[in-house]
Amino acid sequence: MASAAPSKQLVPNEFILSLYDDCDAEMFRCTYCGKNEPDDTEFSECSRCMAASYCSRDCQVKHWKQHKIRCKKFSDEQKQAYGKIPGRVRRFDAYYAPIVSKILAIQMALLKLENENANPTTHFVMLPMSELPQDASRPRLKIAKAEAMPMSDLPAQYRQHIEFGLSQYPPGTYVIPYIWGVTFPGGEILRPGMTAYEVNPILDPMENLPRDRAALEALGAFWMNILNDCAEGRRPDLFSAIKRKIKAQRRS
């Protein structure tokens with residue numbers, strides 16, 4: 001009989017926080033001067049591209065000459081259609097990347113039960129997101145589900161983005177590509193991402209996962225519930241601890 005996933009109540013916050021020991025906290029620094037974002041506030045983001053954060057107006061002005069080339073790639077039409085959603089997805093990714101990596105590995109393991117030849121060059125994981133009410137804590141998003149899909153289902157520009165990203169990793173790295181998808185009144189925005197794992201007996205993302213579908217699905221639901229409990233405000237203590245842990249990475 002397959003073993004059940006652990007109960008959320010039985011998993012201490014310390015275990016979940018241990019996933020964040022080596023997380024990337026780059027977005028929680030001023031893009032220009034490198035100042036760390038305080039625990040109790042959020043830096044402002046470039047209102048056009050949402051891809052740069054600043055501790056002050058002065059830093060944003062000083063960085064503009066360097067930043068404007070990248071920034072202008074985000075067209076006025078995209079800004080009008082998407083509003084601040086790209087910045088919110090970016091912040092969501094930064095908050096929950098270690099938990100998302102668990103979900104991604106489980107989805108690839110489920111896929112391999114059906115097709116042992118499937119791999120990150122043939123498939124990606126789609127992560128549709130739902131917006132939360134205006135009174136929810138930023139970034140006001142949650143994951144609706146996770147599903148491994150054929151790379152051929154993606155528009156060409158996203159396949160090219162993923163193919164280029166995969167080519168940047170050295171041999172011995174297992175990379176799982178994924179796509180955030182947010183549907184909103186003006187349409188849909190897709191944001192590609194990747195999670196990389198050094199492949200060895202300790203860090204192979206699927207080495208210690210069960211080989212049973214029911215057990216994998218239960219484990220995937222467990223991590224999804226942990227993430228969405230934080231996103232929807234049911235675990236404020238854990239969410240606050242996650243933010244402190246991430247920001248502390250840049251203060252050592």
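The legends below describe close-up views of a predicted model. Residues are numbered from 1 along each chain as its sequence is written, and side-chain values use heavy atoms, without hydrogens and water. Local features need pLDDT of at least 70 and side-chain atom pairs count only at pLDDT 80 or more, whereas totals for chains, interfaces and linings use all residues.

**View 1. The protein chain has seven helices and seven strands.** Helices (H or I, at least four residues) and strands (E, at least two) are DSSP runs, numbered from the N terminus. Along the sequence they follow the pattern α-β-β-α-α-α-β-β-β-α-β-β-α-α.

**View 2. Helix α6 covers residues 213-231.** The 19 residues of α6 should span 27 Å at 1.5 Å a residue, and the 27 Å between its end C-alpha atoms therefore agrees; the expected span is 1.5 Å times one less than the number of residues.

**View 3. The largest nonpolar core has 49 residues.** Such a core is a set of buried (under 20% relative accessible area, 1.4 Å probe, protein chains only) Ala, Val, Leu, Ile, Met, Phe, Trp, Tyr and Cys residues joined through side-chain atoms within 4.5 Å. F92, Y96, L127 and W180 have the most contacts (heavy atoms within 4.5 Å) inside this core, to which α4 (85-114) gives the most, with 15 residues.

**View 4. Y96 touches Y20, L227, C230, A231 and F239.** This list leaves out residues up to four places away in sequence.

Definitions and conventions:
Buried means under 20% relative accessible area, exposed over 50%, partly exposed in between (1.4 Å probe, protein chains only).
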